[in-house]
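Have the viewer open as you read.

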Amino acid sequence: MLFRDSAAAVAAECHSGALFFRLTEQFVHVHGHKPGSSEVRSWERSIPVLANALNDAGLGRVEMLLEYGLPLNSKRADAVLAGVHPKTGLPSYVVVELKQWSSAEPDDDDPSLCRVDAYNRAVLNPADQVRGYCEYLVSFNGALAEHPERINGAAYLHNATEFGVSGLFEAEQDRYGRLFIGARRGEFIDFLRNRLAPESGASAADELVNGKIGPSRQLMAVAAQEVREREQFVLLDEQQIAYRTVLNAVRRAKQSDHKEVVIVAGGPGTGKSVIALSLLGELYRQGTTALHATGSSSFTTTMRKVAGARKREVKDLFKYFNSFMAAERNSLDVLICDEAHRIRETSANRYTSASNRTGKAQIEELIDVARVPVFLLDEHQVVRPGEMGTVAEIEAAAAKKGLRCRVVPLDSQFRCGGSDAYLRWVVRLLGLAPGGPVEWEPDDKMHLTVVDSPQELETFLEGHRSQGYSARMSAGYCWKWTKKVSPGQALPADVVIGEWERPWNVFGDRSVAGAPPAALWATDPAGFGQVGCVYTAQGFEYDWSGVIIGPDLVWRGDRWVTDRSASKDPVFKKSTPDADVDRLIRNTYKVLLTRGMIGAVVYSSDAETRRKLHTLAAATSSLAAV
C-alpha cells in the first residue's frame, strides 16, 4: 500500500495537501516512476470524499489503507478500510473502489460491462470490479481465507446522480460488490456504520497486512478442476473484460450466424492462459464446441496430462496450431489460441502430405475454423525465427476476410510476484525498452540475487526447495544438446561450466533415468537438476528461477553484445539476419528471467558480464539468505 493512517489523520493530511506529496513519493519508491497526472488528480478528488464520509459517520478511528496492493499481483484497490464490526467485535474490512464518473451506462450486451465517455472501450461495472478484489483477497490473504464473512466491497461513484448512472444498478450486487452514488451519500454512510464501529482499526489493519500470503494458484495445479468442474480462477478488471468480450462474441455468433475475431494482448504474467482456461472451462460446461490450441509442445502436453487426467474428452480439447489444415470452415464455435505469438507462417512442414498442403497461412487456417477465433499473445515473447503472431498481422488477416476484430489489452501482471518494477528492470536490462540498464531497487514483491558460480546458483535454489518452494534452473542455448540417449543410460552432462556439469532437460516425450519428459520439465518436481531451455520454460512459472546467461549475450564496455557463434540453437540458420538473432536472444533471456513468482537468481558465464550484473543488483547482495 502507499499510505496507511486513521480516517481522521487522512482527512487532516488531505486538508493540508501533504497527503498527495506523500502518496507520490511512495509511488515513485514502489513503482520506479512517477504516477500519471490523472492518477494524482483522482487521489486529490476522491480520497478526501471517502475520508470525510468516514469522519461524518463517526468512524474517524477506522484505518484507511490507500492504494492497497493485492498479493502476488500488480493490481491496487483504491482503499481498504480496517476496523471492528459493530455487532461481532471481530475484525471487519471494506474494500472501496472510488470513481469520479458523473454518468455511465451499461453495455448493450452485458450489464457487467459499462460505457463511460472518457474511455473508448467497455469497462467493468465498478460493483463487479470491487467484487473481484474481495474474492481475490479471500483467496490469497490468510487473514481472510478462513473468514470470508469479514470483508465487504463497495464502489462509490461520488460525483454520480441517479439519472446519470441508474442503469449500472442492473448488475448483480452482493456483500462483495455494492454500488453507491454521491446523490445518495447517506446510504453509503449507513453502509459503513453497519460494518465498522467507532473504534480503532489499527489492530485489524495489522492482522490484514501481516496475513500470510498463500502461494499463487499456479496454472498447472488447478487446470484439471477448472476445466472439468468449476471456476478456480478469480479474473480481475481487464481479465474479466477479455473473458466477457469472448463470451459475448460467442453469444452473438450463435444468435445471428455471426463471426468475429478477438485478440487479447499482454506481457508475461498478465493472465492470458488463466483467461484461456477460464473460457475453455465455461464453454465446455455450456456444451459449446471449443478447443484450446498452442504452438508449444510443452504447454499442450502438460495441459493434456493435467487437465485430461481422468477424462479422455478433456485431453482432446488441447491441440496444436497446425492441427487445422484440413478442418472445415466454422466447424468450431470457438478456437482459443494461447501463446499466439508462436503462430508460424504456414502449418506445413517436411512431413506434411501433399494432399494437406493448402498453401494457406496458418493465421488464416485458425481464423477460418471457428466462428469466434480468440488469440492470446505477447509480441515480445517471439524467440524463434518464423514466429509471426502479432496484433497487426492478425488484424490484417481478419480485415482481409471482412471480419470485425476486437482487441483487449492486458496491463496488470501476476507473475514475478506482481512486480511491475521488476519487469521494467528486466526489459531495460536487456535493451528491450529505452533508457538503458538501471540499478535494481528491491521491492517487497520480487527478490533478485546475482551469484558468482553455477554451484552457488544451484545451492541457493536447493535451499529454497528444502523449504517447500518450487525452483528450476534454465540457460541460454549455448551448449550442445545430446538428443539421443541409449536405454539405461543417464542423461549426458552437456552444460559444462568449469567443474560444474549438469544435463539439459530430456529431449522428447519419454522420461530418462527418472528425469521427466521435456514437456513436463517445468511442472514435475523431478525437473530440478536438469537445465531447462527457453522452449521448455516458456509459458510456465515456478517460485524461484535460476538463470544462467551464456556466452551468446555478454556485456562489453557500455552495451550488450550478442555472439551468434556462441549459440547452439539449431533454429538459427546462416540465412537468419544478425538483427533477428540479436532480438531473439534478448527475448530468450527476457522469458527466462520472468519465470519466477518469488525471485530470480542470476549467473553469467562471462566475468565482465557478472561484474556489470553485480553493479546493477548491488542492493540485493544481502538477499541470498532470503
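## Ground rules

Buried here means under 20% relative accessible area, exposed means over 50%, and partly exposed is anything in between, using a 1.4 Å probe and protein chains only. This is a predicted model, so local features need pLDDT of at least 70 and side-chain atom pairs count only at pLDDT 80 or more, while totals for chains, interfaces and linings use all residues. Residues are numbered from 1 along each chain as its sequence is written, and side-chain values use heavy atoms, with hydrogens and water left out.

## Confidence

pLDDT is the predictor's confidence in each residue, on a scale from 0 to 100. The chain averages 89, and 92% of the residues score at least 70.

## Cysteines

Searching the whole structure for disulfides (pairs of cysteine sulfur atoms within 2.5 Å) turns up zero. Take C478: its sulfur sits 11 Å from the closest cysteine sulfur, in C533, and that's too far for a bond. C478 counts as buried because its relative accessibility is 6%.

The closest cysteine sulfur belongs to C114, 17 Å away, so a bond is out of reach. With 0% relative accessibility, C134 counts as buried too.

## Strand β14

Helices (H or I, at least four residues) and strands (E, at least two) are DSSP runs, numbered from the N terminus. Strand β14 covers residues 370-377, and seven of its eight residues are buried.

Two strands pair if DSSP finds at least two bridges between them. β14 pairs in the parallel sense with β10 (residues 260-266) over four bridges, where V262 has V374 as its bridge partner. It also pairs in the parallel sense with β13 (residues 332-337), this time over five bridges; there, L335 is bridged to P373.

## Helix α16

How many of the 10 residues in α16 are buried? Seven are, in a helix that runs over residues 420-429. The buried ones are A421, Y422, L423, W425, V426, V427 and L429. Their cover includes helices α2 (18-31), α19 (578-593) and α20 (607-616), along with strands β16 (447-450), β23 (559-562) and β24 (596-604).

After α16 comes G431, with a positive phi near 75°.

Key. Contact means heavy atoms within 4.5 Å.
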